[in-house]
Each structure stands twice: as structure tokens, then as C-alpha cells.
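This report is meant for a reader who is meeting the structure for the first time. It takes the chains in turn and then looks at some local features.

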Amino acid sequence: MKKFKLFIIIIGFSLILVNNLRAQDTDQVNKISKNLRCLICQGQSVYDSQSDFAISMKTLIQKKIDEGKTENEIYEFLTKKYGDWIIYDPELNKNTFLLWLLPLILFVFGGILIIRKVSIK
Amino acid sequence: MANQVGNYSLFIALIASIFLIFQSYRLTRNSSKNLDSKIFSVLSVQSLMVLISFISLVFAFIVSDFSNKTVYNNSHTTKPLFYKISGTWGNHEGSLLLWLLVLTFFLFIFLINSKNLPKKYRLLTLTFQEVIIFGFLLFILFTSNPFINLFPIPKEGTGLNPILQDPALALHPPILYIGYVGTSIIFSASLAALVCGNVNKVWASHIKKWIIISWIFLTIGIMLGSIWAYYELGWGGFWFWDPVENVSLMPWFCLTALLHTIVVLEKRNTFKSWTIILSITTFSLSMSGTFLVRSGILNSIHTFANDPSRGVFILCFLFFLIFLAIIIFFIYQKNISNSSIRTYLISKETAMLVNNWFMMFFLSVVLIGTVYPILLEVINGSKISIGPPFYQKLILPFLIPFLLFMAIGPNLKWVKDHINKIKLEQPIFLFISILISYLFTTSYGVSYLFSVPMFGLGFFLFFLTIRDFFSGKSTLSQKIAHFGFSLFILSILFNGVLAKEYSSNMKVGDERKFMNKIIKFENLKITQELNYQSLTGEFNISDDRGNLNLKPEIRIYNQPKTLTSEADIISTIYSDNFLVFNVLKDDGYYNVRYQHKPLMIWIWLSVILIFVGGILGYFKKK
Amino acid sequence: MIKNIKFIIIILFGLFLFLVFLKGLDKPNSYSPNSILNQIETKLTARTLYKNKEISLGELIDKNNFSLINVWASWCLPCRNEHSYLINLQKINNINIIGINYKDKEINAKKFLKDLGNPYSEILIDPDGTISIELGAYGVPETYLVNRKTNEVIKKFIGPLDDLKFKEIVKIVNNEKI
């Protein structure tokens with residue numbers, strides 16, 4: 001009986017690991033522009049905005065994709081022109097490593113606190 | 001006239017506040033058993049004065065008394081009465097007055113409802129709460145006085161920002177404030193309990209009511225704000241991870257953690273220090289929210305007009321309260337004997353701790369994401385944006401274990417349970433859920449990261465919470481709230497994965513094909529309303545199953561001159577059809593955006609279920 | 001002892017946060033793009049307004065002097081106001097000014113120049129706005145002062161030129177000549 005339970009759990013988790021690759025968004029422009037801040041609007045993404053700036057930006061992204069540029073090359077190009085501020089998804093660098101790591105460190109720290117509090121036996 | 005009345009009554013309230021702080025503190029040494037009747041009468045006077053000043057502001061708004069600067073800046077004679085009233089708290093000064101009103105009334109109710117608790121504890125709560133009231137009174141009177149006279153009296157006001165002229169947003173601030181202010185009572189009461197050393201089961205069951213109340217209002221408040229963003233901002237999303245939204249979410253995480261911990265304290269008389277720390281943190285986060293929104297330090301769609309002197313005041317006051325709390329905590333921590341009650345690995349206590357663990361993690365993600373850009377800019381001048389992808393990347397993977405624990409946890413027993421007793425049905429449910437999720441994701445071609453386990457555990461929680469209705473050991477309120485949460489997660493996941501949208505530039509008479517639907521721009525009507533001009537587009541969306549007529553609007557408000565887009569949404573229990581259009585520069589063409597959002601309404605319904613669970617918890621008999 | 005250390009650490013951390021926020025309050029909330037300066041993409045090509053041929057931006061930059069790149073449109077009101085500054089810069093200071101005509105109708109653009117004068121040595125048209133984005137523009141009007149040797153943007157001026165910005169341009173240009 002016990003083995004059967006274990007068996008089901010193992011199958012369940014191996015299915016969990018059947019993990020498909022990252023999304024192949026049909027519409028690359030939408031995907032990229034959702035990740036860009038419309039610099040002249042208040043708190044809108046380029047995707048959501050109908051301003052001239054945002055419309056031109058979307059056209060440009062389309063052009064770049066047609067030229068065969070990858071998503072990352074486009075981000076790189078835009079940050080060179082407009083700075084890191086334009087991208088909603090900050091990449092990991094010396095300015096942002098604390099941003100990404102601090103929550104994870106706190107999570108581990110919390111886990112340790114709980115383990116210390118709880119008696120195993 | 002109303003200005004003077006409002007102003008002077010605030011000064012009287014300030015004096016009452018000073019009296020109460022000293023008198024109540026002095027009386028804590030007095031050995032008499034009952035509260036001094038003087039305290040009660042002064043407190044009543046104070047509440048009455050705040051009420052009078054609030055009413056006089058509402059009155060000034062209703063009669064459009066433009067000798068009042070706040071009214072002049074935020075109202076207009078052509079505005080409908082409902083928005084004249086809601087305009088009272090639709091601005092910085094008025095919203096603070098509303099905050100103060102709730103603050104004093106909550107204190108009043110607290111004192112009436114705590115008659116069977118020790119006198120010293122009640123007096124100390126009163127002292128702490130009066131310190132907060134005093135701070136707010138100073139803030140209102142000296143940096144954001146809503147009763148400033150204008151002379152000569154202007155004939156007409158400048159109007160309320162049209163995107164705020166909306167029923168959901170008229171109710172959103174007061175409800176959210178009740179939630180925020182509720183946390184102030186929890187804060188004061190926890191500090192008082194700490195000083196008195198009565199952090200115990202009795203105190204827990206008394207303060208639990210306040211926690212539930214604050215939690216319910218905070219939940220409803222966040223939901224209303226989100227509904228408003230969904231149909232008014234016109235982008236079709238319901239949560240943008242905008243800093244101002246995050247600010248209301250942070251105390252919610254903390255309060256949810258507290259809601260679970262307080263049950264442990266009530267039942268098992270343990271986790272005392274942790275409860276106090278959570279109470280302090282919750283209120284600090286509510287206050288930080290006020291600071292971040294009001295000071296203009298954030299860059300967001302929602303921020304009110306900013307004024308640095310206000311920011312400095314709130315910041316100092318906020319840190320004064322935080323430091324006060326920390327100092328009191330360290331001095332009196334020894335008062336709460338952490339009894340030698342052991343916590344076993346497999347037990348409900350641990351499950352609650354795990355809940356807290358995840359809540360604190362989610363909180364830290366949102367907090368760090370919101371505050372980090374401010375810190376970075378000050379420290380080395382570089383400016384970064386933190387948007388939805390950051391939050392999704394850090395929160396989504398952690399939802400998977402969170403959902404698993406949430407499904408299993410509630411069925412564990414207090415004190416000590418055994419792993420062997422986990423029934424066979426749980427792994428079977430898990431297996432079925434993963435299988436459904438796998439079939440669903442492959443057949444719909446969903447290939448987001450972690451989509452199989454996300455959906456799988458969403459279903460797992462869903463099945464287990466349904467099963468718990470028949471066999472679970474926990475309370476009904478917990479069952480409903482957890483079931484609501486599973487529904488919430490599932491509807492968000494399905495909505496996120498299956499939503500489709502289409503955007504195009506169209507003029508009247510145009511037709512566009514999208515999936516199996518035909519979108520037709522049939523007509524455009526121009527009408528003149530009381531305080532705006534309206535362009536109503538008539539669209540028809542047809543597919544093989546039927547016809548939908550959608551009539552989105554573009555409103556051109558006259559005071560102040562602003563364009564807003566009002567989406568038209570047809571909701572059914574299966575999906576929402578969302579259509580919005582915008583003016584383009586070229587004449588005749590409009591940008592039309594159509595969205596098909598499956599299960600959208602279930603997001604709201606599930607949140608309603610969640611707080612209905614809370615309401616049941618409040619009324620539960622002991 | 002440990003308790004005291006914890007207490008001190010928490011208080012210090014709190015003070016740190018307090019000071020950072022206090023300083024953060026002074027920061028202006030608008031985004032200043034001055035920190036991002038870069039190379040002009042000389043390879044950008046576009047049709048010109050009058051000659052109807054494709055030309056690259058690199059060819060237009062004056063090799064002996066400073067160049068100004070000005071993004072404008074006939075429908076933009078502030079552009080109208082700043083136009084006299086551009087004409088003065090071209091006439092008095094003899095600066096090479098390259099126009100980027102942003103999302104405009106050609107007839108309107110030509111009429112605009114006929115009415116107000118043409119300070120540009122050449123005008124590239126940018127009907128969909130993508131060239132302006134490649135230059136790093138936010139909207140119209142915008143003006144960049146470009147170094148002749150390195151093709152680097154020395155200074156970006158967001159929004160219409162005014163007396164202050166005009167003096168700044170003249171100052172930079174004159175300093176370099178001496």
C-alpha cells in the first residue's frame with residue numbers, strides 16, 4: 001500500500017517536471033512592447049499606450065524583428081538609447097542583484113527560522 | 001462659515017487629543033477598577049468634533065462653497081451630487097480627514113467593546129491610538145488643511161479629475177481606509193498588550209475580531225480598486241503591479257499572515273512575539289503606503305498632487321511610530337513568557353508558520369520591488385523600472401509549493417499529527433489534477449514556464465477544498481475562504497492563458513475579422529451630457545453563436561478638460577467581452593481594442609467568496 | 001547581549017531607510033535623459049523632403065563644425081515657437097541644422113517651412129516615427145547637438161528651445177572654436 005502511494009507521488013512529480021520550453025509568443029511585438037515603459041505616459045506600457053511615441057516604438061520593434069533581430073538585441077538597443085528605465089523587467093547586473101536576490105535570501109532565512117522553531121521529533 | 005466650524009472643531013479635537021494622551025497614561029498607575037468617566041466624555045467630544053468638521057467639508061462640497069480652497073480645487077457646480085459628495089475624499093486633504101474620522105470612531109468602538117479586559121490595557125491602547133490621532137491632526141492642520149479660505153470667492157471650481165468620477169472609485173478609498181485604520185487599532189492594542197504582558201488566548205480572541213474586520217475591508221478595498229482599473233483605465237488588465245496598487249497589497253499580505261497566526265495564539269498560546277511583530281509591521285506598512293502615495297516619491301498613475309513638506313512630515317511621523325514600536329518591543333519583550341510549548345513538524349501550527357513564511361516572502365517581493373527603484377536612485381542615481389515581469393518571475397514559481405501546502409495544511413491536527421495518516425486520496429487527487437493540467441496545456445498549446453504544475457496544483461487545491469466541505473476538520477469560514485482562493489488562482493490562470501485580444505484602427509462602417517468573429521463599427525453618436533460630451537461607438541461582434549452589441553464611450557469632460565475612454569464590457573459566467581476605443585490623430589479613424597477574457601467574472605466572484613469566508617469568521621460563535 | 005546587537009542593527013537599518021527616503025523626497029520626479037548620451041547612428045537612411053532620394057544621416061553631418069539634429073512636425077505647436085531660434089542659430093552662428101520631420105504630411109511640412117523659413121541644410125522625413133525612435137527621441141520637438149568628430153551627442157534638448165537653451169548651444173559652439 002505504502003509503495004503504491006509513493007509510486008503515485010513519483011509519477012505526479014515527474015509529470016510536473018515535464019516542462020515545456022518558454023513561450024513562443026505568436027506576436028513578438030506585443031510581447032516586447034508589454035515589457036517596455038511608455039516613457040512619456042504615466043505608468044503605462046508601450047503596448048497599452050496610444051501615444052505617438054508608443055505607436056512609433058511598436059512600428060520600430062516590428063521593423064527590427066523583420067530584420068531578424070532577437071528579442072534581447074532589441075532590448076539592448078533600446079536601453080542604449082533610452083536607459084534601463086524603459087524596461088519593466090530589470091536584468092541582473094550590479095545595480096539589481098540585490099533586487100533579485102534579497103527576496104530569495106529572505107525566503108531561505110525564513111525557512112531556517114521555521115526549522116529552528118519546529119522540533120522534528 | 002462651514003470653513004470656520006470645520007477648522008475650529010479640528011483644533012478642539014487636537015486639544016482633546018493632548019488631554020487624552022496624558023490623562024490616560026497617568027491613569028494607568030491608578031488602581032481604580034473602572035475607566036474614568038472623564039476619559040469617555042473627552043473622547044466623545046473628540047469624535048464629535050472630528051465628525052462635525054468632516055460633515056462641514058461634505059456640506060461645503062454639496063453646496064459648492066468655493067470660498068473653501070479644497071472645494072474650489074476639486075469640485076464644479078455641474079458635477080452630479082453623488083460625485084460632489086465623493087469628491088470630499090477624492091483629494092488629499094479630504095481623504096486625510098476621512099482617515100482621521102475613521103481613526104477616532106474605531107477608537108471609540110474599541111473602548112466600548114473591550115469592557116471585560118484589564119483597565120491598564122485599555123488605557124494604554126487609548127494612549128497609543130491618541131498619539132496616532134494627534135499626529136494626523138497636526139498633519140492635517142498644518143500641512144494639508146482642508147478648510148483654507150479663498151478670497152475673493154471664485155465663481156466656479158476647477159473640477160474633479162474625470163477618471164475619478166466613478167462609483168467604484170467613490171467607494172474604494174473609504175473602504176480601503178477602514179482597512180488601514182483597523183490596522184492602527186491592532187498596532188496600538190498589540191503594544192498595549194505587550195506592555196501589560198497579557199499577550200494570551202483571551203487577548204487573541206478579542207483582537208482577532210479587529211484583524212478580521214480590517215482584513216475584510218482591505219480585501220474589498222483592493223478588489224474595488226482593481227475592478228475600477230479594469231474598466232476605467234481601459235487597458236483590460238486588472239492588476240498592473242503599479243506602485244500604488246502594491247502599496248495596498250503589502251499590508252494585505254501581512255494581515256493575512258496575522259489572521260493565521262492569531263488563530264495559533266488563540267488555540268495554542270504560542271508564537272507571541274511573532275504576533276506582536278506582525279501587528280507592528282502591518283500598521284507600519286499601512287502608514288508607509290500613505291507616505292509613498294502622498295509624498296509623490298513614486299511615479300504612478302494614481303499619485304495625488306505632491307508637496308515635499310507633506311512628505312517630510314509623514315516620513316518623520318512614520319519613523320517616529322516605527323522606532324517607538326521597536327523600542328517598546330525590545331524593552332517589554334521579556335513580559336511575554338514564551339512558554340515551553342513545543343511545535344511539532346507535522347501539525348497545524350507548522351502549517352500556519354508555512355503560510356506566514358510564504359506571505360512574508362510575497363510581501364518582501366512586492367516591498368522590495370516597490371521601494372528598490374527609489375533607493376537605487378538615491379544611492380547611485382541610476383533609474384530602473386520594475387514592472388509585471390519582475391513580480392511574475394519571483395511570485396509564480398513560489399505559488400506552486402504554496403498551493404500544495406495550502407491544500408494539505410488545513411487538515412492537519414493541532415499539536416501533533418502523523419504523516420502516515422495522510423490518506424490515499426490526496427496523492428490520487430494530485431495525480432488527477434496534474435493529468436488534467438497536462439492534457440489542458442498540451443491541447444491548448446499553452447507553453448508558459450511552469451504552466452503544468454501551476455494549473456495542476458490549482459486544480460489540486462480546488463479539489464481538496466471541495467472535498468473538505470464534506471469531511472474537513474476546519475471551520476466553515478476557512479473552507480469558504482480557501483475554496484475562494486483556489487477559484488481565484490484558477491480563474492487568473494485560465495484568464496491569463498486563454499485571453500485573446502485584437503486591436504485595429506477603424507472608421508465607421510469598417511469590418512474586421514478576428515478569430516471566428518466579425519467586428520463591425522456600425523455607428524457613432526455624439527451626445528451632450530451635464531458635464532461632458534460623449535462619443536458613443538456602436539459596435540457589433542458576431543460569430544456563429546450569436547451577436548453582441550457593444551457601446552464603448554469616449555468622454556470629453558469640460559472641467560477640467562480631459563478625455564476618458566469608457567470601455568463597454570459584457571460579462572457572462574463564461575467570459576467577458578471587452579471593447580474600448582480611442583481617438584487617433586487622423587480624422588475619422590479610431591483605435592479599437594477588443595478583448596475576449598474567459599472566466600473574468602470569476603476573479604471577482606472568488607474574491608467575494610474569500611471575504612465572505614472572513615465575514616463568517618467574524619460572526620462565528622465561540 | 002545578542003538582543004542589544006539585534007536592536008542596534010534594526011535601529012541603524014531604520015535610520016538608513018529614513019535618510020534615504022528623506023533624500024528621495026528632494027529628487028525631481030521627471031525623468032532627465034541627460035545621463036544617456038550616445039553615438040548618432042550614421043547609417044540611418046531616409047528620404048529627404050525636397051530631393052526625393054535616400055540619404056544617410058552620416059553624410060549630412062558637417063565635418064568641420066557642430067551639427068544640430070532637430071526633430072519637428074508641422075502639427076506640433078511648440079515647434080512653431082522654437083522655429084525662430086533655429087533660424088537664428090543657422091543664420092547668426094552658422095550651425096548646420098538637420099531636420100527630422102516627424103510623422104507629418106509632406107504638404108503641411110513644406111507649407112510650414114514656407115511660412116516660417118527653412119533653417120535646415122537637409123530634412124529627412126520620418127513618416128512612421130521610427131527614425132526618431134532610433135535617435136532616442138521622446139517626441140517633438142527635440143534637438144541634439146552633435147560633435148563633428150566623434151558623431152557623439154553632446155547635449156539633448158527635450159522640448160522646445162528657449163532663451164536658456166539657445167545660449168547654452170551658442171556657448172558650447174563658441175568655446176570649441178577658440
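Predicted model: local features only at pLDDT ≥ 70, side-chain atom pairs only at ≥ 80, totals over all residues.

## Chain A

Chain A has 121 residues, of which 45% count as buried. The domain assignment of this chain gives two parts, domain 1 with residues 25-89 and domain 2 with residues 91-121, and the C-alpha centres of domain 1 and domain 2 of chain A lie 33 Å apart.

## Chain B as a whole

Chain B has 622 residues, and 62% of them count as buried; its secondary structure comes to 17 helices and eleven strands. Along the principal axes, the C-alpha atoms of chain B fill a box of roughly 85 × 80 × 50 Å.

How does the radius of gyration of chain B stand beside that of a compact globule with 622 residues? The value for chain B is 26 Å, and it agrees with a compact globule, which would have a radius of gyration near 25 Å at that number of residues.

Helix H10 of chain B covers residues 272-294, and its 23 residues reach 34 Å from the first C-alpha to the last, which is close to the 33 Å expected at 1.5 Å a residue. H10(B) is mostly covered, with 20 of its 23 residues buried. Just after H10(B) comes Gly296(B), which takes a positive phi of about 75 degrees.

Helix H6 of chain B contains Lys119(B). Is Lys119(B) buried or exposed? Its relative accessible area is 12%, and because buried means under 20% relative accessible area, Lys119(B) counts as buried. The C-alpha atoms of Lys119(B) and Ser471(B) are separated by 43 Å, while the two residues are 352 residues apart along the chain.

## Backbone features in the loops of chain B

Some loops of chain B hold residues whose backbone deserves a separate note. Ser64(B), in the loop between helix H2 (37-62) and helix H3 (69-74) of chain B, has a phi near 50 degrees, which is a positive value in a residue other than glycine. The relative accessible area of Ser64(B) is 11%, and this residue is buried.

A positive phi in a residue other than glycine is also found at Trp241(B), where the value is near 55 degrees. Trp241(B) lies in the loop between helix H8 (201-232) and helix H9 (243-268) of chain B, and it is buried, with a relative accessible area of 16%. In the loop between H6 and helix H7 (167-196) of chain B one finds Pro152(B), and a cis peptide bond with an omega of about -5 degrees joins Phe151(B) to Pro152(B).

## Cavities

How many cavities of 30 Å³ or more does a search of the whole structure find? The search finds three, and the largest cavity has a volume of about 50 Å³. The residues that line the largest cavity are Leu96(B), Gly135(B), Phe136(B), Phe139(B), Thr290(B), Phe313(B), Ile314(B) and Phe317(B). Helix H6 (119-143) and helix H11 (308-332) of chain B are the elements that give two or more residues to this lining.

By residue type, the lining of the largest cavity divides into six nonpolar residues, two polar residues and no charged ones.

## Chain C

Chain C has six helices and seven strands, and from the N terminus on its elements run α-β-β-α-β-α-β-α-β-α-β-β-α. The radius of gyration of chain C is 22 Å, which is well over the 16 Å that the globule rule gives for 178 residues, so chain C is more spread out than a compact globule.

Taken along the principal axes, the box filled by the C-alpha atoms of chain C is roughly 80 × 40 × 30 Å. Of the 178 residues in chain C, buried residues make up 51%.

How values were computed:
Residues numbered from 1 in each chain as written. Chains lettered and ligands numbered in written order. Heavy atoms only, no water. Domains from an automatic or database assignment. Helix = DSSP H or I, 4+ residues; strand = E, 2+ residues; numbered from the N terminus. Expected span 1.5 Å × (residues − 1). Buried < 20%, exposed > 50% of the residue type's maximum accessible area, 1.4 Å probe, protein only. 1 Å grid on protein atoms, 1.4 Å probe; cavity = no way out; pocket = protein on both sides within 12 Å on 5 of 7 lines; lining within 4 Å. Points joined across faces, edges and corners; volume = space filled by probe spheres on them. Nonpolar A, V, L, I, M, F, W, Y, C, P; charged D, E, K, R; others polar. Rg over C-alpha atoms; globule rule 2.2 N^0.38 Å.
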